[in-house]
Amino acid sequence: MSEADLTTDAPPAVEPAAPSPVGVPATPGPAAAAHPGAGWKFTLPGGLLRAARPRQWVKNVLVFAAPGAAGISITPAKLAPVLGAFVAWCLVSSGTYLVNDAMDAEADRLHPRKRLRAVASGVVPISTARAVGLGLLVVGAGAPAAWGAPGVTGILALYAAITLSYSLWLKAIAIVDLAAVASGFVLRAISGGVAAHVAISDWFLIVASFGSLFMVAGKRHAEHLDLREGRGAHRATLEEYSLGFLGYVRSVASGVTITAYCLWAFEKAKVAGDPILFQLSIIPFVMAILRYALLLDAGRGGAPEEIVIGDRALQILGLVWVALFAAGVYAA
């Protein structure tokens, strides 16, 4: 499924115990013995919350990227539509995770970590996950239209359609599956500009698009390492992608991302009151890309949000970049 979180706090799927000779008590298998069987997160509400992947909501911060790059005034009237779009994205993305988990439950049980998810492990019934997921999709996608932002609703509907199509057949088409997953990040960034009614720079779109492709190739690299010979049973395209090819995609995507950002920064510097800030922002941006590439090379790219949340150096570089870029925007 697209943009999936590799959580490991759910109980593993219980394997049936091997039949025992007559008169000899059956001995539970190792999976059954490891089943915690208690705790709120292993109840239906707790399982639904885990399946909704609240930790992945960090991806929806991309909604603020275009308004921030355009330098919108920080007032309640200007921020409210963007905050509303952020909440709508959280609902819709959680809805797609639930629906996709219901559709991919059998395949997820073949993955060493995805089998631990709430739906694949049986904590949340497939029918319940599907019903709750569809409800979140309807509410999340419809909300922006209700407050007068039909453009955001259209983008959310497009995202849901791409994500569900991905689960049905696009994930089996090499290259197309990479583009489908990357599109989710790009649509988030575009929806923020639509919500705030700001023009979106061409360079911004290039950076967002190829930066997303860079992360998605890293996800496939991590899956390749995790699954090894069994990767084709879980995801057909992993049989077609070699580690060398995925490394090539990451190199191309990161190179285009860095080049486009440098050109964008120089373009903004020409019209800025203090151009040095945009030029300086190139340094932490490139360092963050290289740091992320290092983590991907170590096989840690299975869940991009986990990298962002868990790597202190990457967080510091991100904050420095945001500070420099924001100072340049609002000083202009």
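Phe278 is buried, its relative accessible area being 1% (buried means under 20% relative accessible area, with a 1.4 Å probe and protein chains only). This is a predicted model, in which local features need pLDDT of at least 70, side-chain atom pairs count only at pLDDT 80 or more, and totals for chains, interfaces and linings use all residues. Residues are numbered from 1 along each chain as its sequence is written, and side-chain values use heavy atoms, with hydrogens and water left out.

Helix H12 (residues 276–297) packs with helix H14 (residues 312–331) at an angle of about 160°, and their axes are 8 Å apart. H12 is therefore roughly antiparallel to H14 (angles over 145 degrees count as such). Contact means heavy atoms within 4.5 Å; the residues that meet include Phe278, Pro284 and Arg291 in H12 and Leu317, Trp321 and Phe325 in H14. By class, this contact of H12 with H14 has 17 nonpolar, two polar and one charged residues.

The whole structure holds 13 aromatic pairs, rings of Phe, Tyr and Trp (its six-membered ring) being paired if their centres lie within 6.5 Å. The ring centres of Tyr261 and Trp264 are 5.9 Å apart and the planes stand at 90°, so this pair is edge-to-face (planes over 60 degrees apart). Tyr261 and Trp264 are both buried. Phe278 and Phe325 also form an edge-to-face pair, at 5.3 Å centre to centre and 80° between the planes. This pair links distant parts of the chain, 47 residues apart. Phe325 is buried, with a relative accessible area of 6%. Ring pairs link Phe204, Tyr261, Trp264, Phe278, Phe285, Trp321 and Phe325 into a cluster.

Note on methods: Axes fitted to C-alpha atoms, helices over the stretch in contact; angles between N-to-C directions. Helix = DSSP H or I, 4+ residues; strand = E, 2+ residues; numbered from the N terminus. Parallel < 35°, antiparallel > 145°, perpendicular 65-115°, else oblique. Nonpolar A, V, L, I, M, F, W, Y, C, P; charged D, E, K, R; others polar. Phe/Tyr/Trp six-rings, centres within 6.5 Å; stacked < 30°, edge-to-face > 60°. Buried < 20%, exposed > 50% of the residue type's maximum accessible area, 1.4 Å probe, protein only.
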